[in-house]
Amino acid sequence: MRADAQRNYDLIVKAATEATARDGAYASLEEIARSAGVGSATLHRHFPSRWSLLQAVFRTCVHNLACRAEDLLAEPDALAALTTWLREVTVYATTTRGLAVTLLNAPPEENGTCGATLTAAGEKLLRRAADQGSVRGDVVMADLMTLANAISLAAQPADAAKAERILTLALAGIQPPGR
């Protein structure tokens, strides 16, 4: 990318991050362009859709959550590791306006998205928990991500404690009978 194009990209992402934090996933694209000091056409050249812009806004934090999943693989209790990570994802999605909507509305054909990154990261934790017999064998990570995102939407506005309570109830259902 040319230096001026990179500068515009960075300004747009910064303005979108601020607007999303304030107004959620449906922040005005026109306002974002104005705040970034670029025209609407420049914004759309870099980000052909609202969804692609939101992906850029959340990419760094999603990367951090994926790294956290890797760290948790070292925990001896696989179910505790999976539960810890799902709580962190749910609380982050609850307290970060627009993230849950972005994850739930990802086009299914897209790879390398925030949702795909988190699903892949959580898959390792889920498989480990299933291998230890802590999670039913029919549980899939995509369903757990949908659950985490749905809980984060239900716990709005930004009620992390409520999200954790609901997640605790839901996670009891993924364990095999008698646990």
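Colleague: Which residues does Thr-90 touch, not counting residues up to four places away in sequence?
Modeller: In this predicted model, Thr-90 is in contact with Ala-148, Ile-151, Ser-152, Ala-163 and Leu-167, leaving aside residues up to four places away in sequence.

Colleague: Is Thr-90 buried or exposed?
Modeller: Thr-90 has a relative accessible area of 1%. Thr-90 therefore counts as buried, as the cut-off is under 20%.

Colleague: And in which helix is Thr-90 found?
Modeller: Thr-90 belongs to helix H5, which covers residues 78–95.

Colleague: Turning to the whole chain, how many helices and strands are there?
Modeller: The chain has nine helices and zero strands. Read from the N terminus, the order of elements is α-α-α-α-α-α-α-α-α.

Colleague: What does the C-alpha trace span along its principal axes?
Modeller: The trace spans about 60 × 30 × 25 Å.

Colleague: What share of the residues is buried?
Modeller: Of the 179 residues in the chain, 43% are buried. As for surface, the chain exposes about 8,900 Å², and 55% of that area comes from carbon and sulfur atoms.

Colleague: Back to contacts: of those between residues at least 6 apart in sequence, what percentage join residues at least 24 apart?
Modeller: Within that set of contacts, 73% link residues at least 24 apart.

Colleague: One last topic, the charges: how many are positive and how many negative?
Modeller: The chain carries 18 positive and 19 negative charges.

Conventions:
Residues are numbered from 1 along each chain as its sequence is written. This is a predicted model: local features need pLDDT of at least 70, side-chain atom pairs count only at pLDDT 80 or more; totals for chains, interfaces and linings use all residues. Side-chain values use heavy atoms; hydrogens and water are left out. Helices (H or I, at least four residues) and strands (E, at least two) are DSSP runs, numbered from the N terminus. Buried means under 20% relative accessible area, exposed over 50%, partly exposed in between (1.4 Å probe, protein chains only). Contact means heavy atoms within 4.5 Å. Accessible areas come from the Shrake-Rupley method with a 1.4 Å probe; for residues, only the protein chains shown count as cover. Lys and Arg count as positive and Asp and Glu as negative; His and the chain ends are not counted. The place of a charge is taken as NZ of Lys, CZ of Arg, CG of Asp or CD of Glu.
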